[in-house]
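This report describes the secondary structure elements of one chain and how they are arranged. The sequence and model come first.

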Amino acid sequence: MRFRRSNTLAVSFLEDRIAVHNFMTKDHFTCSGECLDFLAGADEWRTPEQLFDSFPDVDRAGLAEQITQLVKFNALV
């Protein structure tokens, strides 16, 4: 299985938070700057291991949970 960022994301600001909206699926969520950096870097197809390798200092279980949530909101496909 491989993942990449959805090509149909739009980013805006909601008060002091970053809002991400998938204009194709109508999914939306707020995220941190780190999450936005992660999405920005996920522009090419990558295996889960490659995604984990991009963040060697991050807890793998926590990153796996974030990846699961990003897939749920159609931010990663």
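Which exposed residues does the face of helix 3 turned away from its buried side carry? They are Ala61 and Lys72, where exposed means over 50% relative accessible area, buried under 20%, and partly exposed in between (1.4 Å probe, protein chains only).

## Basis

This is a predicted model, in which local features need pLDDT of at least 70 and side-chain atom pairs count only at pLDDT 80 or more, while totals for chains, interfaces and linings use all residues. Residues are numbered from 1 along each chain as its sequence is written, and side-chain values use heavy atoms, with hydrogens and water left out. Helices (H or I, at least four residues) and strands (E, at least two) are DSSP runs, numbered from the N terminus.

Three strands form an open antiparallel sheet in the order 1-2-3; pairing requires at least two DSSP bridges between two strands. Strand 1 (9-14) and strand 3 (28-31) are at the edges with a single partner strand each, so one side of each has no neighbour in the sheet. The twist averages 30° from one strand to the next.

Strand 1 pairs with strand 2 (residues 17-22) over 6 bridges in the antiparallel sense. Phe13 stands opposite Ile18 in strand 2.

## Helix 3

Leu63, Ile67 and Leu70 are buried in helix 3. They cover an arc of only 65° around the axis, which puts them on the same side of helix 3; the arc is taken from the directions from the helix axis to the C-beta atoms. Strand 3, helix 1 and helix 2 (48-53) are among the elements covering the buried residues of helix 3, with contact meaning heavy atoms within 4.5 Å. Just after helix 3, Asn74 has a positive phi of about 60°.

Notes: Axes are lines fitted to C-alpha atoms, for helices over the stretch in contact, and angles run from 0 to 180 degrees between N-to-C directions.
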